[in-house]
Amino acid sequence: MKRQIIPVLMAALLVGTGMAATTAHADSSIPVADFFKKAQFAGAPILSPDGKNMAVLTPRNGRNVLAVINLDTRVPKVVAADPDWNISNPIWVNSNRLVFSITRGSDEVLERQTGGGLFAVNTDGSGFKKLAMTIKEAQGGNVKYDGISVLQRAGGESADLFVVNNERGRDADLGASDVFRLDTTNGRRTLLTFDNPGNVSGWLLDHDNVIRIASALSVAPGTNRIQQTVSYRESDKSPWRPIHQGFLDEGKAMTPLGFDFNNKTMYVSGRFNGGDRETAHVWNFSTNTPGEMIADHPLVDVSGGLLFDEVRKKIIGMRVNGMKPETYYFDEDYARMQATLNASLPGQDVTFSWRGERVVLVARGDNNVGKVYFFDLKKQRLEPVFDFKPEFEGKRLSAQTVIDYKARDGLSIPAYLTLPEGMPAKNLPLVMFVHGGPHARDSFGYNPLTQMLASRGYAVLQPQFRMSTGFGWKHHTAGWKQWGLAMQDDLTDGVEALAKQGVIDKNRVCIIGASYGGYATMYGLVKDPDLYKCGINWVGVTDVKMLFTVTWSDMRGPYMDNMGAKMHGDPKTDEAYFQKVSAIENAARIKAPVLMAYGSEDVRVPLIHGEKMRDVLRKQGNTAEFMVMTGEGHGWQKESNNILWGNTVLNFIDRYIGPGAAKGK
């Protein structure tokens, strides 16, 4: 069936989520702590399958509890709570039953995040059942954690779920999982994939709950190359047969998105027919090739986000992670609903779920971290439910805008620029904020560090430099083995572009970032010692070769042997490259003061990266402030640590390119 994007809504969406925004003014009266405090409410409410109830995580006595609100009476009932844990990730099993997990959330450091598990309860609080143990229970019993994840509900009023577990394949290098049918009333699991293609990391069921697709990764014989194999079967009695194979290092992986409600048509995304960006297609099972294209985008990959309405039995559209979020609809009813909501909340990015006469929606925007509304179609009334961060009510956040600039070799670099709009966009001090990965990307939306810095008068630039993912294969591979080289130049060229426009003061620039962003900070101080007046690196790589040689890191195995060597350098052949782009080996060029912080339990970029860098800098007389976050891993989990870090970052930047630097002149 041909899918047509509704053109009327396209226009509405472009107005609703495009560059136009209400005037915003940075508000320096907002306490630093407010930016980093956990949101008062943990996620949007979710409608029950019949649309009669709404489940919400709400705060009580410092914890998040699970409440169910009857939408006819508006009477809430708490159905799950624990004095020591937060309830998290609720999912409707049917219209009368939910499952959930528990977490410490931002109350504890990573080391003490021993929650998880899976529990079930009815909407009246009865029928409680533990379905899977927590990490803490596994540790106490000295057994392996029985982690399961929910794949989908069985549908109707069944109390069953389909879940994924890797118990049989927990030692597989590239992952191996099974699908079970889980009865949430008694905890009984039935294995459904005893006979599977092997090494399966992704499963897809049709709308009759038949497992039809298995996506597996394996190392091709005689090589170190990781190959994806997607297998298909026509029914639960049919044999598995491969329908697609592709090497990851060629960008040839395919993502099965879902079946249409006829259970015959399947939609996929991938880079097909020599295309640079991922596009969405109907899959042709007779030729094992992509057929009709249903979605494309001029800038970003269309890699997922297919939207279903199980009640209407329709595929209704796609959600695309552009530089700003975008929704494309195939269904006229949903298109009209989106247009109505956009008109009611202009300038906001609105997402919604719809059941019968009831809609729950979340609106986000430049000045809005997230507000939840309830829309009653029968009464045509839009009611506010709650604000994720009510402490910002009446305050003004800074507008996040989308720009792009040319790198020195002509490559277009998309970027986010956040300006303190209460000040003229002229000769501002700049914070270059580099994302981690580096095979990752930033996305549009609230970032506490960015907003905090903008509120204090700093411009913040977040470039999507080469190697970033989501912008096509060429953009990604242009960064392979370019640590410290073209990847670093992309950042410098962003500074130059803003300086040329007069937006920023080139003499007041600080570079900051975590993980790869921490590396880019350290090497930016090496490569451009006169450009950056300070640098802040947290959990950052300081020597690229150490990604391969630090044996207690989790950066090991087939993925690093293949994709890691392609992207970051091959330890067998690239010694000269590693020496050239090592921040530690070239630290003698660093002039600017540095702030560094690492997690004591980090296994992605272990503490030794920071300790070696610190020792070299201090030995040669540099200013090198150093912090260890005890119990934390690759980033900070605990709220108090995030608040401490926010204050520390601001004070350090103020000292060198802000008010402190001005006083020192």
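Predicted model: local features only at pLDDT ≥ 70, side-chain atom pairs only at ≥ 80, totals over all residues.
View 1. Ser269 belongs to strand S18, which spans residues 266-270. Because its relative accessibility is 0%, Ser269 counts as buried, the cut-off being under 20%.

**View 2. Residues in contact with Ser269.** Leaving aside residues up to four places away in sequence, Ser269 touches Ala253, Met254, Thr255 and Leu257, together with Glu278, Thr279 and Ala280. The contacts of Ser269 also include Val302, Ser303 and Gly304.

**View 3. The hairpin of strands S28 and S29.** Strand S28 (residues 400-406) pairs with S29 in the antiparallel sense, and seven bridges link the two. Lys406 stands opposite Ser412 of S29. Five residues separate the strands of this hairpin. Within the turn, Gly410 adopts a positive phi of about 95°.

**View 4. Pairing of strand S29 with strand S31.** Strand S29 also runs antiparallel to S31 (residues 459-463), to which it is joined by four bridges. In this pairing, Ala415 is placed opposite Pro463 of S31.

**View 5. Burial of strand S29.** Strand S29 covers residues 412-418 and is mostly covered, with six of its seven residues buried. This strand pairs with S28 and is joined to S31.

Methods
Residues numbered from 1 in each chain as written. Heavy atoms only, no water. Buried < 20%, exposed > 50% of the residue type's maximum accessible area, 1.4 Å probe, protein only. Pairing = 2+ DSSP bridges. Contact = heavy atoms within 4.5 Å.
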